[in-house]
Amino acid sequence: MAAIDMQEFVKQCRAANPLFKENVFASLLEKIKAYNTNLKLGNQARTLQSEAGIQILLRNLSQDLKTRYAKALAYIQAKIKGALARPDETAVFKLSIPIASRSSPLDVRGEGFPSLAAIQEVGRNLAIICPLVHDLAKSDHEGPRRNWFAQESLREVHSSIVNLDQYLNRQCTGISFKVLRVGGRCDGETVDNSLAGQVIRAVMVGHEDRPDYRKQGGYLKVPWGLRIFFGPLYFSVNEHYDAVLKTVAIYRFMTLFHELTHKILRTQDKVYELSNCLSIKDTANAVMCADSWGYFLTDYANTRNRLPG
Ligand SMILES: [Zn+2]
């Protein structure tokens, strides 16, 4: 982990575009400044936090900026890469989680987790998620559906919930979780500190498009066991991430469900983060968006007083 030379960064931006003005990257430069300060003070926790902030900003830049300033942005990445200590990749934890809504326990396997407690937390979250999904599946009026999904999508939302219920409470036999380290690779991309979770996307053929996994019986195509990856942000995230994800425990709960919907409903990362999910909630994109599902279940858990922590 090294300080980022802001003048060097600006110089590289000017090389890419002689008309470059610093205000194009105003918030990025601000975050870099905080990162450099925390680094200099030797405050590792805060350095990692500001680094995650930089990564999130970089990820959300417009494609146009990413392309135009690719070299300058790569300079920043090179400076901050490899910040987190490697997790112990040899540690494997195996748990059998009793879950109220299931007739048999769920097998949970954790690879590379920093502690037994960290994978036990995943197990506790599954023991909350499965019964909540089961309750949602009982009635198409249950839960704050219109807070997150469009009126026109409500049928698709309900069949999705039924698929989640059938899968999580009946079909699924086990889920394995693996921790990814910074600089490692997953699904063709290099892992950075802004990554919270990841799954390997299934290859889809032409007819398996949009509605297929979210209509009746879609769960039958999902394999009996799942594999989900957690990235550095899952472990380094701050309290008060946003107005819904108020604690680290809630952030992790939401991230787990986000990843489950990728696998079971074939959701995509249409957008990330609370404000973006709220802005697409009345569009057909919301029902396909993993973060929208994550916020929906977190919202529901809150109304049922079932949030972790
Ligand atoms: Zn995702």
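Modeller: Happy to. α2 and α3 are roughly antiparallel to each other, with an angle of about 160° between them and axes 8 Å apart. Do bear in mind that this is a predicted model.

Biologist: Which hand does the crossing of α2 and α3 have?

Modeller: α2 and α3 cross in a left-handed way. On the α2 side the contact is made by S27, L28, K31, I32, A34, Y35, N38 and L39, and on the α3 side by R46, T47, S50, E51, G53, I54 and L57.

Biologist: And how does the contact of α2 with α3 split by class?

Modeller: There are seven nonpolar, five polar and three charged residues in the contact of α2 with α3.

Biologist: Staying with α3, which of its residues are buried?

Modeller: The buried ones are T47, L48, S50, E51, A52, G53, I54 and Q55. The cover over the buried residues of α3 includes α2, α5 and α8.

Biologist: What span should α3 have at 1.5 Å a residue?

Modeller: Its 17 residues should span 24 Å, and the end C-alpha atoms are 24 Å apart, which agrees.

Biologist: You mentioned α5. Where is K71, and is K71 buried or exposed?

Modeller: K71 is in helix α5, residues 70-80.

Biologist: What does K71 touch, leaving out residues up to four places away in sequence?

Modeller: K71 touches Q12 and A16. K71 and A15 are 56 residues apart in sequence, yet 9.6 Å apart in space from C-alpha to C-alpha.

Biologist: Let's switch to α7. What are its length and reach?

Modeller: α7 covers residues 154-171, so 18 residues, and reaches 24 Å from its first C-alpha to its last, close to the 26 Å expected at 1.5 Å a residue.

Biologist: Which residues of α7 are buried?

Modeller: In α7 the buried residues are V157, H158, S159, S160, I161, V162, N163, L164, D165, Q166, Y167 and L168. They pack against α6 (116-138) and α9 (248-265).

Biologist: How do α6 and α7 meet, then?

Modeller: Their axes come within 8 Å and cross at roughly 140°. That makes α6 oblique to α7, since roughly antiparallel needs an angle over 145 degrees. The crossing of α6 with α7 is left-handed.

Biologist: Which residues of α6 and α7 meet there?

Modeller: From α6, C130, V133, H134, L136 and A137 meet I161, V162, L164, D165, L168 and N169 of α7. This contact divides into eight nonpolar, two polar and one charged.

Biologist: And α9 with α11? What is the angle there?

Modeller: α9 and helix α11 (residues 290-303) cross at roughly 130°, and their axes come within 8 Å. The two are therefore oblique to each other, and their crossing is right-handed.

Biologist: Which residues does α9 bring to α11?

Modeller: α9 brings I250, F253, M254, F257, H258, T261 and H262, which meet A290, D291, W293, G294, Y295, L297 and T298 in α11. By class, the contact of α9 with α11 has eight nonpolar, five polar and one charged residues.

Biologist: Now the loops. Where is V237, and what does it touch, leaving out residues up to four places away in sequence?

Modeller: V237 is in the loop between α8 and α9, and touches V248 and Y251. V237 is partly exposed, with 18 other C-beta atoms within 10 Å. V237 and S194 are 43 residues apart in sequence but 9.2 Å apart in space, C-alpha to C-alpha.

Biologist: What is the phi of H240?

Modeller: H240 has a positive phi of about 55°, although it is not a glycine. H240 is found in the loop between α8 (232-236) and α9. With 10 C-beta neighbours inside 10 Å, H240 counts as exposed.

Biologist: And what about E273, where is that?

Modeller: E273 is in the loop between α9 and α10 (274-280). E273 is not a glycine either, but has a positive phi of about 80°. With 15 other C-beta atoms within 10 Å, E273 is partly exposed.

Biologist: Thanks, that helps a lot!

Terms used: Residues are numbered from 1 along each chain as its sequence is written. This is a predicted model: local features need pLDDT of at least 70, side-chain atom pairs count only at pLDDT 80 or more; totals for chains, interfaces and linings use all residues. The expected span of a helix is 1.5 Å times one less than its number of residues. A residue is buried if 20 or more other C-beta atoms lie within 10 Å of its own, exposed if 12 or fewer, and partly exposed in between; C-beta atoms are placed from the backbone. Two residues are in contact if their C-beta atoms, placed from the backbone, lie within 7 Å. Axes are lines fitted to C-alpha atoms, for helices over the stretch in contact, and angles run from 0 to 180 degrees between N-to-C directions. Angles under 35 degrees count as roughly parallel, over 145 as roughly antiparallel, 65 to 115 as roughly perpendicular and the rest as oblique. A crossing is left-handed if the near helix is turned anticlockwise from the far one by less than a right angle, and right-handed if clockwise. Ala, Val, Leu, Ile, Met, Phe, Trp, Tyr, Cys and Pro count as nonpolar, Asp, Glu, Lys and Arg as charged, and the others, Gly among them, as polar.
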